[in-house]
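Trainee: I'd like to learn how to read side-chain features in a model like this one. Could we go through them one by one?

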Amino acid sequence: MEASRSGPVTELCSKILKRTDVRVRLSFPTATMREHFKLDRGTRSLDFQARDRHSKVWTFRLCTRKNDGHPKPVLTKGWLDFVKRRGLKVGDKVIFVVHGNLDQLGIQVQRNIKLLGHEHWANL
C-alpha cells in the first residue's frame, strides 16, 4: 500500500469478487468485521463510509445474521450502486484500507490484467 497525504495506508482486508459479490451483496470477512467494526449488542447492522481514490465517499451497510456463532457479515446498502458505477466484474479485487491514524476508511478496486504473459493488478 502506498502512503497518502494523511499518513500510511493499512490494508484491512481484500477480496477477489465472485458472482454473488457483483450481483447481490459482498460477503465481508468475519475477522475484519469483529476487529474493526463494533456492532452494539443486539444490533445486526452498521452504516459506514469509505472514500475511493477519486475522493468520492460511499456509504455501505454491514449486516450480520441473527446467529451469533457465525455472523456471516455482508455489505448490502450502497454496495450494488458502487459495483455498477465503478463497472466491477467477477475477478476484480476490492480492498478496504485505513488511512493515517485509523480514522478514515478507504476502498480501492483493482482488475487483473494479463500483459505479455504476466498478470498485473491495475487500479481502477
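Trainee: Let's begin with accessibility. Is Asp-21 buried or exposed?

Mentor: It's a predicted model, so keep that in mind throughout. The idea is to take the relative accessible area and compare it with a cut-off: under 20% is buried. Asp-21 comes out at 2%, so Asp-21 counts as buried.

Trainee: And which residue does the Asp-21 side chain meet in a salt bridge?

Mentor: Lys-15, with 3.0 Å from N to O. Lys-15 has a relative accessibility of 19%, and because the cut-off is 20%, Lys-15 also counts as buried.

Trainee: How many salt bridges does the structure hold?

Mentor: Seven. One of them joins the side chains of Asp-47 and Lys-77, at 3.5 Å from N to O. Once you have a pair like that, check where each partner sits along the chain. Asp-47 belongs to strand S3 (residues 45-51), while Lys-77 is in the loop between strand S5 (74-75) and helix H3 (79-86), so this pair ties together parts 30 residues apart in sequence.

Trainee: How accessible are Asp-47 and Lys-77?

Mentor: Both fall in the middle class: Asp-47 is partly exposed at 35%, and Lys-77 is partly exposed at 41%.

Trainee: Where do the partners Arg-111 and Asp-92 lie?

Mentor: Start with the bridge itself: the side chains of Arg-111 and Asp-92 meet at 2.8 Å, N to O. Arg-111 is in strand S7 (residues 104-115) and Asp-92 in the loop between H3 and strand S6 (93-99), so parts 19 residues apart in sequence are tied together. For accessibility, Arg-111 is partly exposed at 22%, whereas Asp-92 is buried with a relative accessible area of 2%.

Trainee: On to the nonpolar side. Which residues touch the most other members of the largest nonpolar core?

Mentor: The general idea is that in soluble globular proteins, nonpolar side chains tend to be buried together. Here the largest nonpolar core has 24 residues, and Phe-28, Phe-60, Leu-75, Trp-79, Phe-96 and Ile-107 touch the most other members. The elements that each give two or more residues to this core are strand S1 (9-16), S3, strand S4 (57-63), H3, S6 and S7.

Trainee: Take Phe-28, then. What is Phe-28 in contact with, leaving aside neighbours within four places in sequence?

Mentor: Its contacts are Cys-13, Met-33, Phe-37, Leu-62, Pro-73, Val-74, Leu-75 and Phe-96.

Trainee: How do I describe a pair of aromatic rings?

Mentor: You use the distance of the centres and the angle of the planes. This structure holds ten aromatic pairs. Phe-60 and Trp-79 make one that is tilted, with 6.0 Å centre to centre and 50° between the planes. That pair links distant parts of the chain, Phe-60 in strand S4 and Trp-79 in helix H3, 19 residues apart. Phe-60 is buried at 0% relative accessible area, and Trp-79 is also buried at 0%.

Trainee: What kind of pair do the rings of Phe-60 and Phe-82 form?

Mentor: Their centres are 5.6 Å apart and their planes are at 85°, so the pair is edge-to-face. This one also links distant parts of the chain: Phe-60 is in strand S4 and Phe-82 in helix H3, 22 residues apart. Phe-82 is buried, with a relative accessible area of 0%.

Trainee: Which residues form one aromatic cluster?

Mentor: Phe-28, Phe-37, Phe-48, Trp-58, Phe-60, Trp-79, Phe-82 and Phe-96.

Trainee: What sits over the ring of Trp-58?

Mentor: The charged end of Lys-56, at 4.5 Å from the ring centre. There's another case to look at: Lys-93 lies over the face of Trp-121, 4.4 Å from the ring centre.

Trainee: Last topic, strands. In which sense do S3 and S4 pair, parallel or antiparallel?

Mentor: Antiparallel, over seven bridges. The two form a hairpin with five residues between them, and Ser-55 in the turn has a positive phi of about 70°.

Definitions and conventions. Residues are numbered from 1 along each chain as its sequence is written. This is a predicted model: local features need pLDDT of at least 70, side-chain atom pairs count only at pLDDT 80 or more; totals for chains, interfaces and linings use all residues. Side-chain values use heavy atoms; hydrogens and water are left out. A salt bridge is a side-chain nitrogen of Lys or Arg within 4 Å of a carboxyl oxygen of Asp or Glu. Buried means under 20% relative accessible area, exposed over 50%, partly exposed in between (1.4 Å probe, protein chains only). Helices (H or I, at least four residues) and strands (E, at least two) are DSSP runs, numbered from the N terminus. A nonpolar core is a set of buried Ala, Val, Leu, Ile, Met, Phe, Trp, Tyr and Cys residues joined through side-chain atoms within 4.5 Å. Contact means heavy atoms within 4.5 Å. Rings of Phe, Tyr and Trp (its six-membered ring) pair if their centres lie within 6.5 Å; planes under 30 degrees apart count as stacked, over 60 as edge-to-face and the rest as tilted. A charge sits over a ring if NZ of Lys or CZ of Arg is within 6 Å of the ring centre and within 35 degrees of the ring normal. Two strands pair if DSSP finds at least two bridges between them.
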